[in-house]
Amino acid sequence: MAPDTDTGAFTCRWAALSLSNIASVFLPDILLPRDESDSMVHKLVAVSTTGGNEKATGWLREHKIENAADVKVYTSWEEMLESGGYDVVYISTPHPLHYEHVHKALKHKRNVLVEKPATMNRAQYEKLVSYAEEQNVVLMEAMWTRYLPATKYLQEELLPKMGPVRRVYADFSFPIVSPELAHSSRFLDKQAGAGALLDQGVYALTWADIALNSGTAASTKVTYANSMPVAEVKDDVDDINTVILSRTGGPSNKQEAVGIVTTSMTLPGSNKPAFYRRLQANKPAPSVRIEARDAQVSIPFPPIRPEELHVQWYGREFIDEEGMEKEEIIRKPIARGWGIWYQADVIAGRVHERQKNGSSRGEVIGAEESLRVLGYMDQAREIGGIVYDQKLEEIPSSA
Ligand SMILES: NC(=O)C1=CN([C@@H]2O[C@H](COP(=O)(O)OP(=O)(O)OC[C@H]3O[C@@H](n4cnc5c(N)ncnc54)[C@H](OP(=O)(O)O)[C@@H]3O)[C@@H](O)[C@H]2O)C=CC1
Ligand SMILES: O=C1OC[C@@H](O)[C@H](O)[C@H]1O
């Protein structure tokens, strides 16, 4: 356990398994300066990279990591997992490697934050969930969107007041793939888990899950799926996907609702420079629309990083002089940086609690939600015909 700072804040020490593109967003984001009154700070203490010392040194310099000289560099991820000396390991390798990397981390009793999608399928994550519990550590899927202020406000304050949800549209389409993109990129290489459903659908399905499953005992499953691959790429890499979820059940089957979920890695438009900058565009067409009995709420693009909720309440008191429903815009801005750090505070907080108070069993933050969404992706793949090499889907017998 790291000593608390002079201000009494908990210092959460991080190790990074891989210096991936997203690690270059996540790590600088968690290291941004914080208010003195904050109850925790994050510190990077170890990295492992297959790119060797040169990649690590260049990366630490490029990202201006303050304590770079003290960051231990490993060229073997196994060795880093074995050695310890940190509170949480952040795993951001391509998704077909998540199972093996998380499993090894749990074996060494490391707390783990693993990038989305947590694994290739539900069965793999089920296995990791029970293993984390057995090993008495904390595991969490890095579904960062769930932990942002706008999402939390929607779930905790707005949805409970909107009456039963009847329909949700959720789209995450973002043109990552262009004709110029190398076929070896993880976005087009099936061995690296390429495909819009696992990469982007996981967010859109998360929104459908939030809308359909918050505060209800009803059950939701995929009833239709259609998948169109990226043109002119050798393996079928799924691109334009349409998935329909149906919710049934609840008292007298009154909780019927539908979710329409879409993805694309080629629509809308072309992929030109400034990938992450383009993700900051607040486009007027909503990416998510949740329709309930008493109101509807829309979320502008990008649905991975909402900062505004556009709400229309139904009822006479909300009608303007022209007979139209008034729109209320609720702003819930991200306090600093990209906002991917909120989830880091969540897992660090749990780890700190457990270090202070002790624990006899591990815990998986958001386990039910992650498992439900992985289950929807399994069902959609089955119906829509999205197939990966069986080896990527296995649970190795030694594990
Ligand atoms: N939360 C979010 O917003 C985002 C999440 N993601 C998720 O993060 C994951 C990574 O995506 P992305 O950053 O685009 O990936 P990249 O292709 O940029 O990086 C993947 C990295 O994994 C490491 N790696 C690859 N193969 C191996 C191996 N066999 N053994 C050990 N390490 C290996 C390498 O890092 P090194 O060279 O350092 O060893 C490589 O650079 C995916 O699961 C993706 O879905 C991606 C983008 C955004
Ligand atoms: O998680 C992600 O967020 C941004 C996307 O465009 C990217 O493909 C995906 O991996």
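The buried residues of helix H4 are His98, Tyr99, His101, Val102, His103, Ala105 and Leu106, where buried means that 20 or more other C-beta atoms, placed from the backbone, lie within 10 Å of the residue's own. Helices here are DSSP runs of H or I with at least four residues, strands are runs of E with at least two, and both are numbered from the N terminus. H4 spans residues 98-107 and is mostly covered, with seven of its ten residues buried. Packed against those buried residues are strand S1 (10-17), helix H3 (77-83), strand S4 (88-91), strand S5 (111-114) and H5. Just after H4, Lys109 has a positive phi of about 60 degrees.

A word on the model itself: it is predicted, and local features need pLDDT of at least 70, side-chain atom pairs count only at pLDDT 80 or more, and totals for chains, interfaces and linings use all residues. Residues are numbered from 1 along each chain as its sequence is written, while chains are lettered from A and ligands numbered from 1 in the order in which they are written.

Let's step back to the whole chain. An automatic or database assignment sets the domain bounds, giving domain 1 (10-139 + 360-393) and domain 2 (149-331). Their C-alpha centres lie 25 Å apart. Across the boundary, 22 residues of domain 1 are in contact with 25 residues of domain 2, contact meaning C-beta atoms, placed from the backbone, within 7 Å. Helix H10 (residues 367-384) supplies the largest share of domain 1's touching side, ten residues.

H10 deserves a look of its own. Its 18 residues reach 25 Å from first C-alpha to last, close to the 26 Å expected at 1.5 Å times one less than the number of residues. Among its buried residues are Arg372, Leu374, Tyr376 and Arg381. The cover over the buried part of H10 includes helix H7 (196-213), strand S8 (219-229) and strand S15 (363-365). Just after H10, Gly385 takes a positive phi of about 75 degrees.

Leaving aside neighbours within four places in sequence, Ala16 is in contact with Ala23, Leu27, Leu44, Val47 and Tyr90.

Key: Two residues are in contact if their C-beta atoms, placed from the backbone, lie within 7 Å. A residue is buried if 20 or more other C-beta atoms lie within 10 Å of its own, exposed if 12 or fewer, and partly exposed in between; C-beta atoms are placed from the backbone.
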